[in-house]
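Here is a short tour of one protein chain, written for someone meeting it for the first time. Take a look at the model below, then read on.

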Amino acid sequence: LCHLLTLFPLKFIVLFSRPNKDLARKTKDRVGPLLNEEGVTVTGDLEMAEMLNDFFVSVFTEKSEGMSSIVNVYRKRVGLEEKIRKEQVKNHLEKLDACKSPGPDGMHPRILKELIEEVSEPLAIIFGKSWETGEIPEDWKGANIVPIYKKGNKNNPGNYRPVSLTSVPGKIMEQVIKEIICKHLEGGKVIGNSQHGFVKNKSCQTNLIAFFDRITSLVDKGEAVDVIYLDFSKAFDTVSHDILIDKLGKYNLDGATIRWVHNWLDNRTQRVVVNGWKGITSGVPQGSVLGPVLFNIFINDLDVGIESTLIKFADDTKLGKIATALEDRVKIQNDLDKLEKWSEVNRMKFNKDKFLNAQIRNVAIKGHYHLPTIYVYKEIRYIIRK
């Protein structure tokens, strides 16, 4: 690289003088000022970064002591049927956006894309060894966190989403592992039809069409229908690593990939731009390549044993069923109790502010549903008249 810089200095100047899309987006939506627990306004970049990182870390679930024993069970199934090829790596490098930001390791995607012929084979060898041995370079396990404002009061750290900027070579390796996992999931039809988020050939539109086609057909027959809207609080950040690894094993993923995912998740660290590193004990990184796929595996068994129609888009969940008679509404409540039990077993929490009950019927019926840990709820009633 130094030799090329000496030979072609002007080319490197042109390359690194192009505008950075990530930087432009970050400066557009400024963070803060924030209010700390004492109600004092914080405006300094360093102090706000510390506050945000402390909040992001506070939502993690505790790390399980049984993590290593779970991996040891599946390690016996290690057997690599495929090899990571140079062409495969080259294909991913060609798709890199040269204007994106680098991760904590400082490896810029523009450099990798310009030197694609030179780095494809060495990276393929490194990726192959990493998959075979389960060893993950530390640079791939750190993340620069970009706080993305969602909605609500900008003074509240809880209204920012932590998006990870990770190592670019690490992301290429994630792409390779994702292909391996997706091939297995699609071949075994592992992910249920109820999931429409981060699934090939599915979207928000298919989610709505599939659910309301069923609901409107019942209403057309004169049935009363109740629809419950559910959402998990900090869903991606609270995924339990040991439960996730156990589910990967139950879905018969190969041992080498299970071990790699375990080591990729274990002992990760993050920082918000300027502050120190914080340990990560749960969750799948938002902004990562593997995160959505792993989350779909984690939440795949949510609808096991549910009698109502259930549709998911990632963690956003809709539950719908006939509610003409009292016993119908009892069945819906039983399904809600099962979902609450699932959340307890899987160490997740429902977001009480997003719990909605929509009643679709000709005549309004009093009453509402509850989740055992939710005491505040919002209710929407739609009265459909003839």
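Let's begin with helix α13 (residues 291–299), where nine of nine residues are buried. Buried means under 20% relative accessible area, exposed means over 50%, and partly exposed lies in between (1.4 Å probe, protein chains only). This is a predicted model, in which local features need pLDDT of at least 70 and side-chain atom pairs count only at pLDDT 80 or more, while totals for chains, interfaces and linings use all residues. Residues are numbered from 1 along each chain as its sequence is written, and side-chain values use heavy atoms, with hydrogens and water left out.

**Around helix α13**
- The buried residues of α13 include G291, P292, F295 and I299.
- Among the elements covering them are α9 (168–187), α11 (241–250) and α14 (326–345).

**The chain as a whole**
- The chain has 14 helices and eleven strands; these are DSSP runs, numbered from the N terminus (helices: H or I, at least four residues; strands: E, at least two).
- Of the 386 residues in the chain, 46% are buried.

- Searching the whole structure turns up two cavities of 30 Å³ or more.
- A cavity is a set of points, on a 1 Å grid over the protein atoms alone, where a 1.4 Å probe fits but cannot get out; its lining residues have an atom within 4 Å of a point.
- Grid points are joined across faces, edges and corners, and the volume is the space filled by probe spheres set on the points.
- The largest cavity has a volume of about 140 Å³.
- Its lining has 15 residues, and S164, D237, Q270, I280 and P285 lie nearest the centre.
- Strands β3 (142–149), β4 (160–165) and β6 (268–271) each supply at least two residues of that lining.

**Salt bridges**
- Side chains of opposite charge can pair when their charged atoms come close.
- The count comes to seven salt bridges, each a side-chain nitrogen of Lys or Arg within 4 Å of a carboxyl oxygen of Asp or Glu.
- D54 and K278 form one of them (2.9 Å, N to O).
- Because D54 sits in helix α4 (residues 45–58) and K278 in strand β7 (residues 278–280), this pair ties together parts 224 residues apart in sequence.
- D54 is partly exposed, at 39% relative accessible area, and K278 is partly exposed at 26%.
- R347 and D242 also meet in a salt bridge (3.0 Å, N to O).
- R347 is in the loop between α14 and β10 and D242 is in helix α11, so the pair links parts 105 residues apart in sequence.
- R347 is partly exposed, at 34%, whereas D242 is buried, at 8%.

Definitions and conventions: 1 Å grid on protein atoms, 1.4 Å probe; cavity = no way out; pocket = protein on both sides within 12 Å on 5 of 7 lines; lining within 4 Å. Contact = heavy atoms within 4.5 Å.
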